[in-house]
Amino acid sequence: MHVDLTDLKSNIAPEVLSSILQRAIKQVKDDAELYQQAIHKADFALAAQLIHRMRGLALFLGVSESELAQVFALENELAARVPGCMETPLSIAVFTAQFDLFRMSFETALLNVSDSKRSC
Amino acid sequence: MLQLSVTDTGTGMPASYLQHLFEPFIQADGSTTRRFGGTGLGLSIVKRLVDLMHGKIAVASVLNQGTRVEITLPMSWGELRELPSTQFSRLGALGKTAVIAVGSPIFPAINAWLIHMGISRCNDVAHANWTITESVEHKLILSYAGAEIGSFVCTSELPSLIQSTCQSGIPQASDNRATTPAKSTEIQAKDIRMILAEDNDINRDIIAQQLLLLGISPRTACDGLDALEQWRQNRPTIMLIDCQMPKMDGYELTRQIRSAETGEDIHTLLIAITANASVTDERDCLAAGMDDFLSKPLTRQKLDTMLRKWKILSADPSTNNRT
């Protein structure tokens with residue numbers, strides 16, 4: 001996954017952008033925990049909202065729509081689930097794995113740009 | 001809402017086929033020996049048209065019994081002459097006036113275009129925004145405030161000429177007669193009352209930073225209820241509304257605002273911001289009562305273009321931008 005800050009760099013002061021990146025990294029970590037809890041409680045609406053929030057953040061931080069297509073599909077799939085309906089352990093594992101893949105890619109991309117900004 | 005329904009007692013369609021119904025070049029019987037002709041394009045075109053009109057289409061069919069197609073289009077009652085088409089409703093010409101000083105046979109065609117754009121025809125040149133005349137070479141001339149804007153031969157060129165005038169600014173004073181450029185009556189960016197409703201604080205800060213560069217300092221709201229309360233207290237000129245927010249989503253917020261505006265002589269410009277950029281999402285936003293639609297991410301350029309389109313910012317970039 002690639003975080004492209006070109007547009008933001010031209011419009012936002014470096015110290016503000018740096019702070020935004022740090023907050024984004026923390027938000028991704030926090031939301032990942034909330035997602036795990038939501039999935040295991042079969043609160044799929046909340047899980048979908050958390051993905052939506054993270055996807056929105058990724059878009060703002062310059063991740064392309066094409067790179068977010070898979071997680072968007074997961075978001076739609078979870079939003080379409082009947083509230084409270086219990087899923088099989090396999091489904092839960094798949095939902096968790098798909099989200100983790102996205103979360104880790106995004107987190108790594110954020111850490112990379114954050115480190116490169118610090119070293120500049 | 002306008003609902004159209006067409007029912008036949010024909011061959012019907014199997015359920016497995018219905019999910020592909022709106023794909024182009026699809027027919028229930030695709031064999032070369034089928035009984036019925038056609039290219040299989042009709043319904044895909046209808047679906048596209050319905051989407052463009054922000055409507056919905058549904059099909060129910062029972063094999064060997066028949067099919068029912070229902071179309072729902074978001075429309076409201078009004079005077080026929082005052083109804084602008086969806087396509088032209090965003091030109092910024094709605095409610096403006098024009099004098100047509102040309103004779104038959106071109107008169108009805110021009111009149112029809114004006115109606116499409118939401119422009120009223122008037123007879124008083126002194127109070128009209130535009131005049132349309134005919135040159136000796138039989139070219140049609142569009143003038144604004146007595147100055148020629150451009151000439152056209154085909155009446156379908158009229159909307160783009162009108163739009164170019166709208167984008168360069170139409171005076172908002174009660175006397176519609178244009179005598180000076182619009183700059184003097186336009187709102188200064190620092191005076192724009194804007195509420196930015198977005199639940200993610202990081203996204204909110206990014207948008208607020210972009211807006212500051214455009215000279216706008218928005219109030220912010222972290223959910224739909226907060227946004228509604230702020231709207232009641234501050235009566236902003238414009239709101240940027242995230243569609244998915246906790247407590248009250250952007251669609252419900254919009255409906256509440258539009259309901260509260262009913263009977264009042266105000267219309268808050270409501271612009272949706274969403275991470276979903278499909279035609280369906282745009283349709284849902286407009287159906288809820290929003291005026292326009294922005295997809296995430298909101299770059300400074302996107303915001304700038306949108307605010308100029310709705311004349312929130314001056315057409316002259318140097319008037320508003322801080323770099």
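In the predicted model, helices α6(B) and α7(B) cross with right-handed geometry. Helix α6 spans residues 224-234 of chain B and helix α7 spans residues 250-261 of chain B, and their axes lie 9 Å apart at an angle of about 25°. Angles under 35 degrees count as roughly parallel, and α6(B) and α7(B) are therefore roughly parallel to each other. On the α6(B) side, the contact is formed by Gly224(B), Ala227(B), Leu228(B) and Trp231(B), while α7(B) contributes Gly250(B), Glu252(B), Leu253(B), Gln256(B) and Ile257(B). Five of the residues in this contact of α6(B) with α7(B) are nonpolar, three are polar and one is charged.

The contact between the two chains involves 17 residues from chain A and 14 residues from chain B. Helix α5 of chain B (residues 201-213) supplies seven residues, the largest share of the side of chain B that touches chain A. By class, that side of chain B comprises six polar, five nonpolar and three charged residues.

Helix α5(B) packs against helix α3 of chain A (residues 44-60), with the two axes coming within 9 Å and crossing at roughly 30°. This angle makes α3(A) roughly parallel to α5(B). The crossing of α3(A) with α5(B) is left-handed. Ile202(B), Asn203(B) and Ile206(B) of α5(B) meet Gly56(A), Leu57(A) and Phe60(A) of α3(A). The contact of α3(A) with α5(B) has four nonpolar and two polar residues, and no charged residues.

How values were computed:
Residues are numbered from 1 along each chain as its sequence is written. Chains are lettered from A and ligands numbered from 1 in the order in which they are written. This is a predicted model: local features need pLDDT of at least 70, side-chain atom pairs count only at pLDDT 80 or more; totals for chains, interfaces and linings use all residues. Two residues are in contact if their C-beta atoms, placed from the backbone, lie within 7 Å. Helices (H or I, at least four residues) and strands (E, at least two) are DSSP runs, numbered from the N terminus. Ala, Val, Leu, Ile, Met, Phe, Trp, Tyr, Cys and Pro count as nonpolar, Asp, Glu, Lys and Arg as charged, and the others, Gly among them, as polar. Axes are lines fitted to C-alpha atoms, for helices over the stretch in contact, and angles run from 0 to 180 degrees between N-to-C directions. Angles under 35 degrees count as roughly parallel, over 145 as roughly antiparallel, 65 to 115 as roughly perpendicular and the rest as oblique. A crossing is left-handed if the near helix is turned anticlockwise from the far one by less than a right angle, and right-handed if clockwise.
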